[in-house]
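Work through the exercises below with the sequence and the model open. Each task is followed by its solution in steps.

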Amino acid sequence: MRYLLITVFLLPLLNYSQANTEIFLFDINTNGSKIEVNNGKNVSHNQGYDNQPSFVDDKTILFASTKNGQTDILKYNTFDFSKTWINATEGGEYTPLKIPNKNSVSAVRLDKDGKQRLYAYDLNSGESTELIKDLVVAYYTWYDENTIVSAVIEGDDLNLYVHDLKNGTNKKYASNVGRSFHKIPNSNLVSYISKANTKVWQIKSLNPLTGATKVIANTIKDIEDICWLNEKNLLSGKEGILYKLTLQKDNNWKKVKDLTDNGIINITRLAVNSKGSKLLIAGDMAENSNSSNMMDSKLQLIEKQAAQIVDRHIEPFNKRDLTEFSNAFNINVIVKEFPTDIMYYGRDKLKEHYKLFFETNEKSSVKVLSRITLKNVVIDEELVTLNNSTKRQVTIYETEDNEITTMTFIANSKLKKKQEALINEQIEMYNKKEIKAFGRTYSTDVKIYNFPNELSIDGRSALREQYISLLETTPNLYAEIVNRIIIGNKVIDKIKTTKNDTTEYAVAIYEIENNLISNVTFIK
């Protein structure tokens, strides 16, 4: 009888394996109660079951994924797109979460004999330890490293428990609850879904230390999956539509975005990172949907619009029309020298600078020699004429809301022909999966950044480890150059990378010193 009851509560999980569920990562921007969700990317790309995503940190994602009929915990790195299987048990793992302050994750495991328990898994060894004995945990969240709030299967019900792992106690606080449990940001509370009223499900708060509960809001009808964007804004989904509820402002759930363009026809799980800047969504995919093609079309449109925004400042510059030229820039525009040296910021300062520039130079013009676009970023190789002399430079423009928001200059320097050959060798060794030869194109202290200066990999050894990890999960790995600009000791490539069945684009800015790659800055 126990096995039958467990199977009933796992049906919401197992039924998805009959459909094609995928995990999407979105950028999310919040301005008060206004929420924008953009740049959706399928990070699972796996035919079959992928669900229950969560963030370990801002660059690492966990989710349950099926491989050869076995559901295990998959770790995904958002910086290098690598995938690593954490465990290899005979049972199936679901709802993986990082355990606070420990190098471990937890997951609900359903063994082949029908036993269902919550386990901890060491991130280094993959070894597992049972966390809660004798209780069948179905869904849960961590309150702190010693306290879990969960839904426990008892008879035909899911009941809310608080588990004190340090003292070994389990206390029941509510009956007939849902599967969505979340720490409420900037509070000592956990939210859960109460189904005590079968007609109206409610989002409630629980203080795990005192047991005090309070009603927060009603769910969307018959929907039990939510997440907190921050302490004021809740997110939920119905079918392919994402909704938000701003507490003490919205009377009802408000539409944020239709995600059917991404191929999502039914939103299930949701998770937000600690900064509130990234959103994970698990969703059922439409039959025969090709989200990659949809996203490629959207990406082309975004890139076309970004190029048009940048073009708006070129003709006024050449006509020396200071007002029209400056109006192409955001009022808070930042002007820099690569990578992060701020020259000045603000449209007023920009006007002052170029007023003096036009007064100092009797003749001035700019011509775009070549261009790389990626999403909202435009990288132009420019020929600048000043009086009777010319010079080449590269300018990186970031755009938003029909304006240029940042302008970063890369100055020219003496060109060395070996630089291009070095990058070509690096790409060739990458594609041939020659690990040692690939590593030898980099200096021992190479640093890899995410634009503009977020360090992601420090040193050649760490780079090799990342590459090896990527090869383990991505047998079909191939990179090709779409476009290239060379300026001084820098080679700037737009790269198309095939990873198994997915295609991704990025821009790499390679800096070469002493015939080795010393720095790489990625724009993704």
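**Exercise 1. Which residue stands opposite Lys183 in β16, and what is the strand order of the sheet?**

Solution. Lys183 has Val190 of β16 opposite it. This is a predicted model, in which local features need pLDDT of at least 70, side-chain atom pairs count only at pLDDT 80 or more, and totals for chains, interfaces and linings use all residues. Residues are numbered from 1 along each chain as its sequence is written, and side-chain values use heavy atoms, with hydrogens and water left out.

Step 1. Strands here are DSSP runs of E with at least two residues, helices are runs of H or I with at least four, and both are numbered from the N terminus. Two strands pair if DSSP finds at least two bridges between them.

Step 2. β15 and β16 (residues 190–194) pair in the antiparallel sense over two bridges.

Step 3. β17 (residues 202–206) pairs with β18, also in the antiparallel sense, over five bridges; Ile203 has Ala217 in β18 as its bridge partner.

Step 4. The order of the open four-stranded sheet is β15-β16-β17-β18, with antiparallel pairing. Its edge strands, β15 and β18 (213–218), each pair on one side only.

**Exercise 2. Where is Asn186 found, and is Asn186 buried or exposed?**

Solution. Step 1. Asn186 is found in the loop between β15 and β16.

Step 2. Asn186 has a relative accessible area of 69%, so it is exposed (buried is under 20%, exposed over 50%, partly exposed in between, with a 1.4 Å probe and protein chains only).

Step 3. Although not a glycine, Asn186 has a positive phi of about 55°.

Step 4. Asn176, in the loop between β14 (169–174) and β15, is also not a glycine and has a positive phi of about 55°. Asn176 counts as partly exposed because its relative accessibility is 30%.

**Exercise 3. Which residues lie nearest the centre of the second largest pocket, and which element gives the largest share of its lining?**

Solution. Step 1. A pocket is an open set of points on a 1 Å grid over the protein atoms alone, where a 1.4 Å probe fits, with protein on both sides within 12 Å along at least five of seven lines; lining residues have an atom within 4 Å of a point.

Step 2. Of the 41 lining residues, Leu97, Thr141, His182, Lys183 and Val272 lie nearest the centre.

Step 3. β3 gives the largest share of the lining, six residues. Among the elements giving two or more residues are β3 (50–57), β15 (182–183) and β23 (264–272).
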